[in-house]
Amino acid sequence: MSAQNPAPVKRIGVPDIRARKGGEPLVCLTAYDAPTARLLDPHCDVLLVGDSLGMVVHGLANTIPVTLDMMILHGQAVMRGANRAMVVIDMPFGSYEASPGQAFDNAARILRETGAQAVKVESGVYIADTVRFLAERGVPVMAHVGLRPQAALAEGGFKAKGRSDAERTRVLDEARAADEAGAFAIVVEGVAEDLASQVTQAVKAPTIGIGASAECDGQILVTPDMLGLFDWTPRFVKRYADLKALTEDAVRAYAEDVRARRFPGPDEVYRITGA
Ligand code: KIV
């Protein structure tokens, strides 16, 4: 290959993710746009176009109003920015729960229109038939158990899971059902360390924790949370940067420069000579 024509980068696929069970932890982050995806891509195994975009990009109170069209638009942008990580796209509320057929039609639309490698569904036990229907028809499915943000209306908010024996059993059942139905990976959200460990041992698919301890086979965070873009984040988020303060300082400096006519200065002005 010449320098002008570099070898194409091989994208991480389902077998690569499955092979990481019990091995080197999977590094996953959410992404919603092309420039951010380009920055994250060299460091991540999976970029998730999460329906959290409703809250962290569109300013909604929860993920319920997010539509399939929104997910596809952001998915297309992320695919333009990432060429190495596996890109997974969330199926939004109302796009997969009615029947396996509805889920297949919408999953096929997501994969066809974005070029992404997989979809994610929030998986109560009731959705296992749908996971199986999709997986058997060639749609790679990531499941999501434990705290399921799309249940926020029914549960009165975002609540960690596993406080009672019944709840612990339900989370384990959700994970086992998704695993047996063919999910290639399982996001486990908002559970204590011992339950995360039990789930991870109970399933063949790698588990990806968010607020679920280091007992999982990988980790995921909502990228704007870990970059410190918001005043409030869940307690399990570690802030790796303070982009909110950096952004505020930059915007304040810009506003002061504009008001004082310091910007644009001589270096930021076109010099056009000739006729
Ligand atoms: O929507 C999302 O970003 C997610 C992650 C929190 C796993 O589902």
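This is a predicted model: local features need pLDDT of at least 70, side-chain atom pairs count only at pLDDT 80 or more; totals for chains, interfaces and linings use all residues.
The side chains of aspartate 249 and arginine 252 pair with each other in a salt bridge, at 3.1 Å from N to O. The two residues sit three apart in helix H11 (residues 243-259), so about one helical turn separates them. Color by accessibility next: aspartate 249 is partly exposed, at 44% relative accessibility, and arginine 252 is partly exposed as well, at 45%.

Now select Asp69, Arg109 and Glu113. Salt bridges with shared partners join these three residues into one network.

Go back to helix H11 and pick tyrosine 254, which lies in that helix. Tyrosine 254 is partly exposed, with a relative accessible area of 48%. Together with Tyr254 they make up a nonpolar surface patch, with about 280 Å² of accessible area in total.

Select lysine 21 and aspartate 217, whose closest N and O atoms are 2.9 Å apart in a salt bridge. Lysine 21 is in the loop between helix H1 (14-18) and strand E1 (26-30), while aspartate 217 is in the loop between strand E7 (207-210) and strand E8 (218-221). The pair thus links distant parts of the chain, 196 residues apart.

Aspartate 217 has a relative accessible area of 7% and is buried, because the cut-off for buried is under 20%.

For the last pair, select arginine 148 and glutamate 174. Their side chains meet in a salt bridge, with 3.2 Å from N to O.

To finish, widen the view to the whole structure, where a search finds 16 salt bridges. Among them are the pair of lysine 21 with aspartate 217, the pair of arginine 148 with glutamate 174 and the pair of aspartate 249 with arginine 252.

Terms used: Residues are numbered from 1 along each chain as its sequence is written. Side-chain values use heavy atoms; hydrogens and water are left out. A salt bridge is a side-chain nitrogen of Lys or Arg within 4 Å of a carboxyl oxygen of Asp or Glu. Helices (H or I, at least four residues) and strands (E, at least two) are DSSP runs, numbered from the N terminus. Buried means under 20% relative accessible area, exposed over 50%, partly exposed in between (1.4 Å probe, protein chains only). Patches are made of residues with over 30% relative accessible area and no salt bridge: like charges are joined within 9 Å, nonpolar side chains (Val, Leu, Ile, Met, Phe, Trp, Tyr) within 5 Å. Accessible areas come from the Shrake-Rupley method with a 1.4 Å probe; for residues, only the protein chains shown count as cover.
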